[in-house]
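Hi everyone, thanks for coming. Please have a look at the sequence and the model, and I'll walk you through them.

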Amino acid sequence: MRKLALGLILAIGVALFPAGARAEADTVSDEATFVAKINDLRAGQGLPALQVNANLVAKARGWAATMAAASRIWHSTLSDGITADWQKLGENVGMGGSVDGLHNAFVASPHHYENLVDPAFTQVGIGIVMNGSTMFVAEEFMQLMPAVAPVKAVLPAPTTTTTAPKPPAPKPAAPRPVTVAAKPPVVPSTTTTTAAPPAAPPAAAPAVTPAPADPPRTPSDLLVSVLERLRDFDS
């Protein structure tokens, strides 16, 4: 990813020298006060606090000493002295008589304020060097490069093949009961055919013994007389 060093940062000089100002400040305590004020400002904007970074502190103190030695302020080459793997850098520099005066001047300057509340920054380092009663301060801001997870060597899968146990054979289905329709009762036919008994052979005609013929009868004399009369009558 491309690294970005902010270049639109204004140096600010605050010539405030209150009476009784300390000739030598407790610079470590003042540096901590700057950090606390910056984080209070960020908290008011719903931003996470900056973490003090030793590399940035070393860079800020070195640059504050350079400015104090020259009795003037200007920007450093932002990447000089930065050994961390950075993605974005920023810097505020100033000179003045107190922590409060310089911090308020940074907040009032749009470009310095942008560094103070930049949500990308996560690291800060403050360096203070006194020149007489004048405080020279450098504020260094940094966003680190995202950590890259190490690539783990992937071993080839073992060639051993594990065969899943075969599922038990399904039990044969219980035979379904076979229903046999009952045969309807056989009803005998109401017509009964009976073979006629063989006809009896015709009975032999009974032997008839003819009755003995009556012997011829001789007509009586009276009958003859009557028959003669009738014949005579008819003729």
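**A walk through the fold**

Starting at the N terminus, the elements of this protein run β-β-α-β-α-β-α-α-β-β-α. That gives 5 helices and 6 strands; here helices (H or I, at least four residues) and strands (E, at least two) are DSSP runs, numbered from the N terminus.

A word on what you're looking at: this is a predicted model, where local features need pLDDT of at least 70, side-chain atom pairs count only at pLDDT 80 or more, and totals for chains, interfaces and linings use all residues. Residues are numbered from 1 along each chain as its sequence is written, and side-chain values use heavy atoms, with hydrogens and water left out.

How confident is the predictor? pLDDT is its confidence in each residue, from 0 to 100. The mean here is 75, and 56% of the residues reach 70 or more. By contact I mean heavy atoms within 4.5 Å.

Now, the inside. Of the 235 residues, 29% are buried, where buried means under 20% relative accessible area, exposed over 50%, and partly exposed in between (1.4 Å probe, protein chains only).

Which residues touch the most other members of the largest nonpolar core? Among its 19 residues, they are Phe-34, Leu-116, Ile-126, Ile-128, Met-135, Val-137 and Phe-141. Helix α1 (27-44), helix α3, strand β5 and strand β6 (134-144) each supply at least two residues of this core. Apart from it lies another core, of 8 residues, including Trp-63 and Met-67. A nonpolar core is a set of buried Ala, Val, Leu, Ile, Met, Phe, Trp, Tyr and Cys residues joined through side-chain atoms within 4.5 Å.

Let's zoom in on strand β5 (residues 123-131), where we find Gly-125. Is Gly-125 buried or exposed? Gly-125 is buried, with a relative accessible area of 0%. Leaving out residues up to four places away in sequence, Gly-125 touches Asn-53, Leu-56, Val-57, Ala-60, Ala-138, Glu-139 and Glu-140. Val-52 lies 73 residues from Gly-125 in sequence, yet their C-alpha atoms are 5.6 Å apart.

Last stop, helix α3 (residues 99-108): its buried residues are Val-99, Gly-101, Leu-102, His-103, Ala-105 and Phe-106. At the start of α3, a side-chain oxygen of Ser-98 comes within 3.0 Å of the backbone nitrogen of Gly-101.

Definitions and conventions
pLDDT is the predictor's confidence in each residue, from 0 to 100. A polar contact is a pair of N or O atoms within 3.5 Å; within protein, one must be able to donate a hydrogen and the other to accept it, and residues adjacent in sequence count only if both atoms are side-chain atoms.
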